[in-house]
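Please open the structure in your viewer and keep the selection panel at hand. The stops below proceed from a local feature to the arrangement of the chains.

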Amino acid sequence: MNTLRKVSRRRFLQLTGFTAGGLVLGARVPGPGALAGVLDEATGSALNIFVSVRADGIVEIVAHRSEMGTGIRTGLPQIVADEMEADWQRVKVIQAQANPAYGSQNTDGSRSVRDFYLVMRQMGAAARTLLETAAADTWGVPAAQCRAREHVVHGPGGQTLGFGELAARAAKLPMPDTATLRMKAEADFRYVGQSLPIVDLDAMLAGEAVYGIDVQLPDMLYASIERSPWLQGKIESLESDAALAMAGVVDVVTLEAADGAPGFNPIEGVAVLAENNWSALRGRDALKLRWSASAHSEHSATQYLDGLAALVESGPGEVRRERGDVSAALERAEQMVRATYRTPYLAHASMEPPVATARVAAGSCEIWACTQTPQATRKAVAEALGLDVDAVVVHVTLLGGGFGRKSKPDFAVEAARLSSRAGRPVQVVWSREDDIRHDYFHACSAQHFQGALDAQGQVTAWLAREAAPPIGATFDPSVQMNSEGGLSQTFASVPFAVPNLRIESHPAPAHVRIGWLRSVYNIPYAFGVGSFVDELAHAAGRDPIAFWLDLLGEDRRLDFAGEGFNYSNYGRSLEDFPYDTARLAGVIRTLAERVPWKQSLPAGQGWGFSAANSFLSNMAVASKVEVRDGQLRVLEMHGVLDAGRVINPDRVHAQMEGGMIFGLSLALNGEITFERGEAQQSNFHDYPIARMQQVPPVIKTHIMPSAAPPSGVGEPPTPPVAPSVANAVFAASGQRIRELPLGKHLDV
Amino acid sequence: MKLTVNGTQREVDCEPDMPLLWALRDLLQLRGTKYGCGKGLCGACTVHLDGQARRSCQVTVADASGGAITTIEGLSADGQHPLQQAWREHNVPQCGYCQPGQIMAASALLAANPGASDDEIRSTMSGNLCRCGTYPRIHAAIKSAQYTNAAVEKAEDEA
């Protein structure tokens, strides 16, 4: 089992680009030469792979990560501009095509700033160094006496030259040595730490921003695809005459899928190609299709979850982390608490569904897509068409939301295969129904906990057992046990100072494509852990926040040594990013000071609390709810985040607001079920996402001031929300809900 | 078929039952109006038809052909509609995809009911989904625009 897991983990990393770290700089700053064609929108003199300067002074900065709403297309260039002393008003941001020269472009895992903060500073410093050197050469003075400030280099005798005037000369200089780059003092930061408006704001408000669905090429066809309703079904019969006879329909094309791991491969389907979306959709409705059964065509989510719950309650699983003697401590317990929690499958449902446009011509392919992962898209398309990766160009549009769905390039592969067949550019537009029925679903889970309390109400044993289909199964169907990376998301990495602790797993074979969704396994596991801590606190007759702080114990850096668990730390070393319980305790204490946690409330109202460390950040959430006549209303949500240094505070607040609302949405409403292998939900009427009326009128966010390295922002606000709301429901009503979504038990 | 869009008469060659959404996007290249669900559930495709907010995925070209259609591209000449300004002031968008529909829904609401209460705003705007969760800022921006409008009207009354 261990060997299997290791092999598939390596394959998983290779397939997903989920490797740690950003762009590793060599001795010299990477020059622009390695990037022929990549900076095709840039018109200035290139100073390195991220920066070019036009003669008119406009500084062009490459955004190599995908913009899906986090503000990253602003945040990373804002670091470069600051370090190079560019005037933000004269900066133009250019979106990178897929190219490994930029390092990882896989915009996922809340790691754009974490992995590239230093690299962006180095790129800015390198560009500034070249401009200063060019000025020094022009004036015949030592470069050390020349200083760039606000788009101008100043010489020792008061001379000045603008960036635009220096650009051509600077671009001819050798790349500077990375070791000798002079970096700005942090006290001199002009933009880092400032809430600059996002660069796409005006275009978004005018309806001019270009998303994947807005690409339009001459002679382009639109494709709508009917896919197998269950995993690995094949086309058994197809009648397409009626579809072909419809106005605007050009062709009907089958897309066969190979057997084996789902990976990033398209699901088997039948595409209707038409002159416009409406014709494609109508043609598709006229298809007559039968699908063959598969090993997954009897999958029932209810039965499956019942099975997982029975498994985790039935007995020991494989031990994943252990210290002390849990069994003995449970036997000695003054009071024992046990509970089983369930969380459902979820779909991403970004407002823009997956859409990709492909233009395949002799021996080459161009893709335009709302992709989170341009390089994996390029590789997947090249493999599907039998092309060299160099023959595939991937243009990245804005993403109308991503949340992990658009990390999987199956939709771009569909477009490429269809364009290849049609001999014309093709845009594949997933309908909302396609998006919800054929997602890479977020894993469901069952979790069972047992806790021992002594006579003083101290926790002496923590036993936690889980079963959840692993993401790894999407890439290797033999994987049935969640990985260490998966368990490192709150479940096995619990930071509690309990003397006896055991974490166990049971296998959960996957029957649907399992993917990652904003904060990934932290969603189910933070619900289980955060609910169970609350149950223990109540059993001990303690205040839940004080109880949390007690459980964390003395401030310390966790190393998990000698407990048999290889904590993944989101791919970063514990030296660079320690798991410091003082910072988790810090957000909890700060939150407790900011909310009237102990106020006396009318009957039917209550506060709930939870906290989680995820993506190297710490987040605490308190929610106030009212439960009346079976109706749940969330009245307030408060969040405190420690994410280290923040680049653009307004965007961090926005991610906190949005991440908490995302968490609330899934807590109240989120559930995908399957019967006979088919997803039972299809659109926003049966897979509701939170509407304005469900969102509390009071949402307050606080960012802990910090000069620690930037950790993660996009995902950490989500995990503590569901347990905080469920705990508040208990405080308000005495009803302990151990199953998400809460909407199954209360009107929401 | 003829459509009057943003004050200009346009000709579209399509079946009369084509939803206005696809005619705007695919035939007239007005791509600020977004597809989100195709069922009138999310509001991403909201436009004005004779001043009323309508889900363009639920209006056929035939139904729209007699009326005056306004899309996000035609809401203001320069992107300075009071709501666009308020959206800027509050940095509302995250991914931005749903925002044209949000702005079109909010502008129809304020045109019909300039003093809409908090509850009326929440009720009307609950027809428009935002997966990024920009609702608190949408609400705040609409309130800002109301204050600005009220101040402008007051100044005009006094003048």
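Select B:Leu49 and B:Gln52: the former stands opposite the latter, which belongs to strand E4 of chain B. The model displayed here is predicted.

Proceed to chain A and colour its domains: domain 1 covers 23-197, domain 2 comprises 212-295 + 354-429, and domain 3 comprises 301-347 + 440-744. The centres of domain 2 and domain 3 of chain A, taken over C-alpha atoms, are separated by 37 Å. Where these two domains of chain A touch, ten residues of domain 2 are in contact with 14 residues of domain 3. On the domain 2 side of that contact there are six nonpolar, two polar and two charged residues.

Next, display the open sheet of chain A, whose seven strands follow the order E10-E11-E8-E18-E15-E16-E17 with mixed pairing. Its edge strands are E10 (249-255) and E17 (392-396), each of which pairs on one side only. From one strand to the next, the twist averages 20 degrees. Within the sheet, select E15 (residues 355-361) and E18 (residues 426-429) of chain A, which run antiparallel and are joined by four bridges. A:Thr357 has A:Gln427 of E18(A) as its bridge partner.

Which helix packs with H11 (residues 410-422) of chain A at an angle of about 35 degrees? Select H10 (residues 374-385) of chain A; the axes of the two helices are 9 Å apart. H10(A) passes H11(A) in a right-handed crossing. Among the residues that make the contact are A:Ala380 and A:Ala384 of H10(A), and A:Ala412 and A:Ala416 of H11(A). The contact residues divide into seven nonpolar, two polar and one charged.

Finally, show both chains: 44 residues of chain A are in contact with 46 residues of chain B. On the chain A side, H5 (201-205), H7 (277-285) and H17 (649-668) each supply at least two residues. H17(A) provides the largest share, six residues. By class, this side of chain A has 22 nonpolar, 13 polar and nine charged residues.

Methods. Residues numbered from 1 in each chain as written. Chains lettered and ligands numbered in written order. Predicted model: local features only at pLDDT ≥ 70, side-chain atom pairs only at ≥ 80, totals over all residues. Contact = placed C-beta atoms within 7 Å. Nonpolar A, V, L, I, M, F, W, Y, C, P; charged D, E, K, R; others polar. Domains from an automatic or database assignment. Axes fitted to C-alpha atoms, helices over the stretch in contact; angles between N-to-C directions. Left-handed = near helix turned anticlockwise from the far one by under 90°. Pairing = 2+ DSSP bridges.
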